[in-house]
Amino acid sequence: MEVGFLGLGIMGKAMSLNLLRHGFKVTVWNRTVSRCDVLVEHGASVAETPAAVIKKCKYTIAMLSDPSAALSVVFDKDGVLEEICSGKGYIDMSTVDSDTSSKISEAITGKGGYFLEAPVSGSKKPAEDGQLVILAAGEKALYDEVIPAFDVLGKKSFFLGKVGNGAKMKLVVNMIMGSMMNAFSEGLVLAERSGLSQQTLLDIVDLGGIANPMFKQKGPAMIQSKFPPAFPLKHQQKDMRLALALGDENAVSMPVAAAANEAFKKARSLGLGDNDFSAVYEAVKIPDCSADA
Ligand SMILES: NC(=O)C1=CN([C@@H]2O[C@H](COP(=O)(O)OP(=O)(O)OC[C@H]3O[C@@H](n4cnc5c(N)ncnc54)[C@H](OP(=O)(O)O)[C@@H]3O)[C@@H](O)[C@H]2O)C=CC1
Ligand SMILES: O=CC(=O)O
C-alpha cells in the first residue's frame, strides 16, 4: 500500500517510520523540510507540497499540531484541496475540534474525495511501538480500506460514526488525562511540602486502585524535574481549551478541567510549552499569589 504522510513531528515521525518498517511505500511532506531527512534514510520519498503528496498517493494521512495547522495544510496554496479528487482518501489524525474536522470533511468530499478523522490516544512510545488507540469517524468505506495501515499504527481501532465523533471522543479522553496530571502534580507537591518522600508516594500510588501507566512512567522523571517531551504541554493545553469549548456547547460544568487548563496556561506562560505536559508540575509548585490578596 502506498500512503502519503503530512506532518513529521514527534508523532508523525514515529508513525511514518512504523509504516515504512512494515513495508508500506511512504511519501512525506513537512513544513520544516529538514525533518524529512530521517524518513528518507529509511526509504521514504519526499514531495514538495501537500498537494504533490495527494497527487501521488491514493491515501494521505495528516498528523499536525492543531486546528490552524490542519486547516492551513488543506486550504492554503499548494494544499490538499488542490489535488484531492474522486478515488482519493484523506485521513486527518491530528487532535482538533469537531468544527475544524467538519470544515475539512466538507471541503474534501465537495471535491469528490473521501474523508476520515482518526485522532489517536497514546503518546510517543506507543506511536513508535504501533500501540496507539485510533478513534476514527467519517467515511466507513475509507476506514475499511485503511485498516491495514491502522493495524500497523495501533493496537485497537474504533469506528465512531459521523465526522466529529472521533474529535469529540479524543477531547474527552485528553480532558480527563490533563485533569489527572494536575491532581497528580498537586499530590507530589503536597507530599514534598508535608515532609514526605515523593518516591514513597509513587510506590504507594502504584500499588492501589489509582495506579496507572501515566503516573508510573512520568512520576520518577517529574520528581527529578525532568520533562523530556513525549506529549508537548502546549498541545495538552490546546486540548483542554477545545474540551472546555465542547463543555460550553453542551452546558457541561467542568470546574476540575477549567482549573487544570489554568495550570497548563500558567506553565505555558513560564515557557514550558515545548516540554512534556508533565511539566505542569513546575507551575503547580509555584505559590498562587492571588491567594494572598
Ligand atoms: N505527542 C503526543 O504524545 C500526541 C500528540 N497527539 C496530537 O497529534 C498532533 C501532533 O502532535 P506532535 O507530533 O506531538 O506535535 P509536534 O509539535 O511534534 O509536531 C507538529 C507537526 O505539525 C506541523 N505544523 C505545525 N504548524 C503547522 C502549519 N501551520 N503548517 C504546516 N505544518 C504545521 C509541524 O511542522 P514543523 O516541523 O514545520 O514545525 C510538525 O510536523 C497534535 O494534534 C497532538 O495534539 C495525539 C496523541 C499523542
Ligand atoms: O494526546 C496525547 C496522548 O497521550 O494520547
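Helix axes are lines fitted to C-alpha atoms over the stretch in contact, and angles between them run from 0 to 180 degrees between N-to-C directions. This is a predicted model, in which local features need pLDDT of at least 70 and side-chain atom pairs count only at pLDDT 80 or more, while totals for chains, interfaces and linings use all residues. Residues are numbered from 1 along each chain as its sequence is written, and chains are lettered from A and ligands numbered from 1 in the order in which they are written.

**View 1. Helices α9 and α13.** Helix α9 (residues 165–193) and helix α13 (residues 255–269) have axes that come within 9 Å and cross at roughly 70 degrees; helices here are DSSP runs (H or I, at least four residues), numbered from the N terminus, and strands are runs of E with at least two residues. The two helices are therefore roughly perpendicular to each other, a term for angles of 65 to 115 degrees, just as angles under 35 count as roughly parallel. Met175, Gly178, Ser179 and Asn182 of α9 meet Val256, Ala257, Ala260, Ala263 and Phe264 of α13, where contact requires C-beta atoms, placed from the backbone, to lie within 7 Å. By class, the residues of this contact are six nonpolar, three polar and no charged, with Ala, Val, Leu, Ile, Met, Phe, Trp, Tyr, Cys and Pro counted as nonpolar, Asp, Glu, Lys and Arg as charged, and the others, Gly among them, as polar.

**View 2. Helices α4 and α5.** Helix α4 (residues 67–75) packs against helix α5 (residues 98–110) at an angle of about 10 degrees, with the axes 10 Å apart. That makes α4 roughly parallel to α5. In this contact, Pro67, Ala70, Leu71, Val74 and Phe75 of α4 meet Thr100, Lys103, Ile104 and Ala107 of α5, and these residues divide into seven nonpolar, one polar and one charged.

View 3. The protein chain is divided into domain 1 (2–162) and domain 2 (168–287), with bounds that come from an automatic or database domain assignment. The centres of domain 1 and domain 2, taken over C-alpha atoms, are separated by 28 Å. Where they touch, 13 residues of domain 1 are in contact with 14 residues of domain 2, and the domain 1 side has four nonpolar, five polar and four charged residues.

Key
Parallel < 35°, antiparallel > 145°, perpendicular 65-115°, else oblique. Contact = placed C-beta atoms within 7 Å.
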